[in-house]
Amino acid sequence: MATEPAKDVPRRSLVSRLRDRNGDDRPHFLVCGADPLVYTLAEELMSSGRSLRLTVIVPRDLRADVPDFHDLRSRGVRVIAADRLDERTFRAAGLAGAAALALVMPDDMINLHAALCARAVEGDLRLVIRMFTTGLAQGVRRLFTDCAVLSDAGMAAPAFVAAALGGVAPTHFRYAGRTLYVAHRAEVADAHVVLTLAAPADAGQVAVLPGEPEPDDRLPTDLVLAEAVGRVAEPAATARRLVRSGRRRRPWLSVRRAMRVGISRKLAIAVAVAVAITVAAGAVLTSYTHVDGVWESVYTTLLTVVGSSDVEPHRDPVAQVAQVVLTIAGVALLPLVTAAIVDGLVKTRLARDRGEVLGLHADHVVLVGLGNVGTRVLRQLNDLGLDVVAIDRAPDARGARVAEELGVPLIVGDASRDEILRAASIDTCRSLLVLSTDDAVNLQAALHARAARPDVRVVLRLFDDDFARRVEHAFNINISRSVSRLCAPVFAASMLDREVLATIPVDRHAVLVATVQVLPGSALDGAPLSSAEKAGRARVISMRAAGQDWVDWTPDPRRILVAGDEVVVVARRGGLRVLLEQATPLIEGQLDTAGQ
């Protein structure tokens, strides 16, 4: 749809912006991507409960791990194949007049260029941009107005770190002068607990956002959202100290492993035999020679080894035999030692060039895949003081330079091969994180690791959430996660003008912390605050009265809401959707009905 650039026309009203030339008043949203996130985000938008038009732009040569869009097409989604995200593509897709555009290509530069082209077509547009590079993301936020810059890697990394350590993801956020963080109830004083995020339920299940339990029913393992009072980073700092104290360095074991790599078995045996003969002959010689003390014994033996002993025809015959044997052993020992040193240096250099790990690692994390998510996970594990060994098939992977900067050994190879896992000391690791972008490779690596060591803790990245759940049970994988499923709710919420403060991974779910503003004429306008509270779906943590800056962190549930009030909730995506519908004025619902 060709229109004049938005920068040359005045800002239009909401209704005129959302009205299609064919009379369709539903808001138009566009999503551009090339990996599984584009599909999951499109599915999330179509399940948002909002009446909307959705256009998806994907490359003609789409990656094999992206599901077919047939089911979404049947729900009215328009799918366009284009090799370049430029003004021509956006005009053809009907970007002019659109409500929001999500750019979730896996390349920061492509997303930035597409954002510039999109604003040339429609200046009055909300942008949601996927960015990996932190510095670039900050610059993009300053460049565009009405823009949300999100990192799927940044959102997913804490969940994988927590899964690898068997603990809580290091999640915290700041709002209205207070910092809230996630912890187990046993780590937090009762006075600082804001609400319960998750608690054990029947049949080994987890209850997400349950009602607050009675004091007698509270468990130390409950996951809670707590307020940090003067000691914001206490859980992370405690974990870091525990991790570092548990890392028992055994340098002699590392030397032994390096010697195994650098010295051949036959040469090592020859050196050992020569040394044994030298020691035995030296002991016999000194016992039949009048020497005083240990040093004179060592002195006599070493000089005899290097051929500096004198012929003594009147010495005891046993001492003479020992002297001859010691001299001959010395003649053999010196070349053997020289050969071992040279052989070790050459083999060690070759092993390092192949990416083999020479030092012995114990209680470490083996990280497979140094893409966007793997690189973020690597940084967080390093920040926590954990020993990490990384594996990637590409020597120039995105995180290869980061691994080099952090001093993390990187093995270049296929993690599905047993020798690669052995080189990463899979036998002594505390957990295995498999985070490459290929589901088949990830599953194969996880199964090989389990075959090599049945008790290893395995955390697996898979695209499809249902497949991940089934794999977890069928193959006894500890935890499997879908990055796109964790992150898509946040991208969708940002497109729908929802202010998401944080994303908290809880079990297999992504719980959102978001602000909800009560609009005039909505169902919440004139309703008690308790109507926004739904156990298991949405929980209120604070509210701000209309026209005021002060935030009430313990609001009375009987308080009557009025237009302009702002409520902060912790909610699952379905609960947030229902709550936003309650806060939406009736006129928008009438417009949606008219558009249908």
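Select strand β12 (residues 365-368) and strand β15 (residues 431-434): the two run parallel and are joined by 4 bridges. Strands here are DSSP E runs of at least two residues, helices are H or I runs of at least four, both numbered from the N terminus; two strands pair if DSSP finds at least two bridges between them. V368 stands opposite V434 in β15.

This is a predicted model, in which local features need pLDDT of at least 70, side-chain atom pairs count only at pLDDT 80 or more, and totals for chains, interfaces and linings use all residues. Residues are numbered from 1 along each chain as its sequence is written, and side-chain values use heavy atoms, leaving out hydrogens and water.

Next, show the open sheet of 6 strands, ordered β14-β13-β12-β15-β16-β17 with parallel pairing. Its edge strands, β14 (410-412) and β17 (479-481), each pair on one side only.

Now move to strand β4 (residues 100-104). Because 5 of its 5 residues are buried, β4 is largely enclosed by the rest of the structure. Buried means under 20% relative accessible area (1.4 Å probe, protein chains only). A100, A102 and V104 lie on one side, L101 and L103 on the other.

Select strand β1 (residues 28-33), which pairs with β4 in the parallel sense over 5 bridges; G33 has V104 as its bridge partner. Finish at strand β5 (residues 126-130), parallel to β4 over 4 bridges, where V128 is the bridge partner of A102.

How values were computed: Buried < 20%, exposed > 50% of the residue type's maximum accessible area, 1.4 Å probe, protein only.
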